[in-house]
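Hello,

Please find the structure below. My notes on it follow.

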Amino acid sequence: MKKTLDDELREAIRLFRIEKKLGKEKITQEEVDFVKELADTKKYPRAEYVVAVMYLNGKELPKNKDTAIEYLDRSSEHASYDIQIKIAYVYHVLGEYKKIKKALQLALNDCNQWF
């Protein structure tokens with residue numbers, strides 16, 4: 001079955017809502033599975049970032065810094081500037097200082113194509 005633009009928009013809106021809940025509200029297992037599927041099968045950068053945060057928090061997924069960094073690295077390879085800035089911040093918190101510069105440079109590169 002082919003996905004329509006409406007299906008993709010619903011998916012994106014749902015992902016944004018789940019991201020907004022991180023650290024503030026309980027996220028259901030069904031929501032965790034949804035985001036993990038987007039990250040693992042569709043390689044959505046925002047979903048990869050959200051999964052990384054879930055692994056860092058250790059609430060929705062088992063706490064695992066190494067797995068979180070893997071997801072952050074994957075997301076950083078193709079994320080837009082808004083996610084790159086979030087990734088850079090998480091790298092800062094984790095002490096991954098060499099990766100901060102790359103994420104910020106990718107964010108600037110993404111912005112430069114608009115301005």
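Where is Lys43 found? Lys43 is in the loop between helix H2 (29–42) and helix H3 (45–57). Helices here are DSSP runs of H or I with at least four residues, numbered from the N terminus. The phi of Lys43 is near 60°, which is a positive value in a residue other than glycine. Lys43 counts as partly exposed because its relative accessibility is 40%; buried means under 20% relative accessible area, exposed over 50%, and partly exposed in between, with a 1.4 Å probe and protein chains only.

Before the rest, a word on the source. This is a predicted model, in which local features need pLDDT of at least 70 and side-chain atom pairs count only at pLDDT 80 or more, while totals for chains, interfaces and linings use all residues. Residues are numbered from 1 along each chain as its sequence is written, and side-chain values use heavy atoms, leaving out hydrogens and water.

A search of the whole structure finds one aromatic pair (rings of Phe, Tyr and Trp, the last by its six-membered ring, with centres within 6.5 Å; planes under 30 degrees apart are stacked, over 60 edge-to-face, the rest tilted). The ring centres of Tyr55 and Tyr71 are 5.9 Å apart and their planes are at 25°, so this pair is stacked. Because Tyr55 lies in helix H3 and Tyr71 in helix H4 (residues 65–76), the pair ties together parts that are 16 residues apart in sequence. Tyr55 is buried, at 11% relative accessible area, and Tyr71 is buried, at 7%.

Gln84, in helix H5 (residues 81–94), is buried, with a relative accessible area of 1%.

Regards

Notes. Helix = DSSP H or I, 4+ residues; strand = E, 2+ residues; numbered from the N terminus.
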